[in-house]
Amino acid sequence: MLSVSRSRRLLCGILLTLSTHLSAVAADTAALEKAADQLAQSGFQGAVVAARGDQIFLQKSIGNFGALNKTFRFASVTKMMTAILIMQEVDAGKLKLDEPLGKYWPDYPNADARKATIRQLLMHYSGLYNENAIPDFHMKAANRGDNMQEFATGVCAQAVQTAPGARFDYNNCDYMVLGALLEKLNRQSFQQLLQKRVFQPAGMKQAGLYTAAMQDNPSHVHGILNGQPEPEVNLASYGAAGSSFGTLPDLIAMNRAFIQGKLISAAARAEMTKPNATGGALGVWVYPFSGADAAKPVVITERQGWIAGLRILNLVDTGSGNILILVSTNGDLDMTQTWANQGPAAPLLTALLKTR
């Protein structure tokens with residue numbers, strides 16, 4: 001049996017250790033808070049969330065974003081979800097990344113486009129026609145609806161720009177075609193596939209897909225572009241390239257499910273996050289970030305989204321479970337350059353990686 005004095009010494013030691021640990025956590029959290037405050041002072045308006053695993057270290061609404069559980073468009077973060085759906089097909093043996101589109105869609109209306117592989121479509125090396133060549137394509141006034149099969153076989157099936165593999169061209173048509181292919185393979189709508197195979201298993205309770213019946217929602221977060229209220233956009237016209245929406249908790253849930261292997265196999269995730277020489281991977285970008293430790297860079301999986309006045313930066317460290325999300329309500333703000341240890345997210349990511 002322990003003596004009273006020894007018991008006191010042991011208790012004091014435990015309390016001292018706990019106090020030291022809590023102080024360290026508080027100091028690290030303070031670094032995140034400081035980085036967020038500096039972001040706010042730079043003029044950033046929006047929301048920031050920093051997490052690791054199930055623990056949220058920082059969640060902050062800055063400026064005009066409002067409540068942190070508000071719904072907003074995910075824009076091209078949708079492409080990450082589409083890539084996950086494609087990798088599920090790879091896992092199931094229904095698709096092979098280096099087989100041409102024509103193998104799975106033999107009557108696709110553009111014979112040249114049929115030569116593009118699934119991988120080239122995912123990485124924007126397909127050479128497909130780019131719908132952004134039509135300035136008002138996604139504008140609400142153009143009234144083009146939400147039929148992704150029609151987009152894929154219509155505007156996206158116009159004359160190719162280059163031979164497959166010739167050059168990188170960031171192109172929503174790549175993902176509209178992939179989304180339409182997923183619908184054909186599964187005989188379900190893209191909306192149903194997302195709900196069943198991404199939203200539900202990840203626990204994304206408020207997530208959805210904009211449709212022609214709900215092109216936009218006044219209660220969702222909106223932003224500015226060119227210093228003015230953003231133009232009215234047909235958010236449903238992006239389909240598998242950018243039509244999903246949800247809340248910050250939804251996006252955190254998707255990232256956690258991706259990290260934990262709930263959506264695709266470890267082998268599929270490794271293939272999806274294998275970068276080319278410029279960091280491009282399948283639906284995401286992947287690069288070493290050395291802001292926290294130059295000697296031991298951390299591999300970051302990045303997916304950005306941008307439609308009109310809203311920009312999203314979604315950063316995931318699959319190795320340690322770190323998640324950093326920035327949502328900007330200023331469409332003019334450049335959210336790039338994290339890979340170069342620069343840009344608005346770099347100080348926050350550095351602080352997150354150092355948090356213990």
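This is a predicted model: local features need pLDDT of at least 70, side-chain atom pairs count only at pLDDT 80 or more; totals for chains, interfaces and linings use all residues.
# Pockets and salt bridges at a glance

Residues are numbered from 1 along each chain as its sequence is written, and side-chain values use heavy atoms, with hydrogens and water left out.

**Second largest pocket**

- A pocket here is an open set of points on a 1 Å grid over the protein atoms alone where a 1.4 Å probe fits, with protein on both sides within 12 Å along at least five of seven lines; lining residues have an atom within 4 Å of a point.
- The second largest pocket holds about 190 Å³ of space, a volume being the space filled by probe spheres set on the points, which are joined across faces, edges and corners.
- Its lining has 14 residues, and Asp 146, Glu 183, Phe 190, Gln 191 and Leu 209 lie nearest the centre.
- Helix H5 (148–153) and helix H7 (190–202) each give at least two residues to that lining (helices are DSSP runs of H or I with at least four residues, strands are E runs with at least two, numbered from the N terminus).

**Largest pocket**

- The largest pocket has about 710 Å³ of space.
- Among its 36 lining residues, Ser 76, Tyr 170, Gly 305, Trp 306 and Ile 307 are the closest to the centre.
- Strand S8 (285–289) and strand S9 (298–307) are the elements that supply two or more lining residues, and S9 has the largest share, with six.
- By class, this lining has 19 nonpolar, 12 polar and five charged residues.

**Salt bridges**

- There are 10 salt bridges in the structure (a side-chain nitrogen of Lys or Arg within 4 Å of a carboxyl oxygen of Asp or Glu).
- Arg 73 pairs with Glu 230, with the closest N and O atoms 2.6 Å apart. Arg 73 sits in strand S3 (residues 72–73) and Glu 230 in the loop between strand S6 (228–229) and strand S7 (244–246), so the bridge ties together parts 157 residues apart in sequence.
- Both Arg 73 and Glu 230 are buried (under 20% relative accessible area, with exposed over 50% and partly exposed in between, for a 1.4 Å probe and protein chains only).
- Lys 94 bridges to Glu 89 at 3.2 Å between the closest N and O atoms; Lys 94 is partly exposed at 34%, whereas Glu 89 is buried at 2%.
- Asp 98, Arg 119, Glu 271 and Lys 274 join in a network of salt bridges.

Conventions
Ala, Val, Leu, Ile, Met, Phe, Trp, Tyr, Cys and Pro count as nonpolar, Asp, Glu, Lys and Arg as charged, and the others, Gly among them, as polar.
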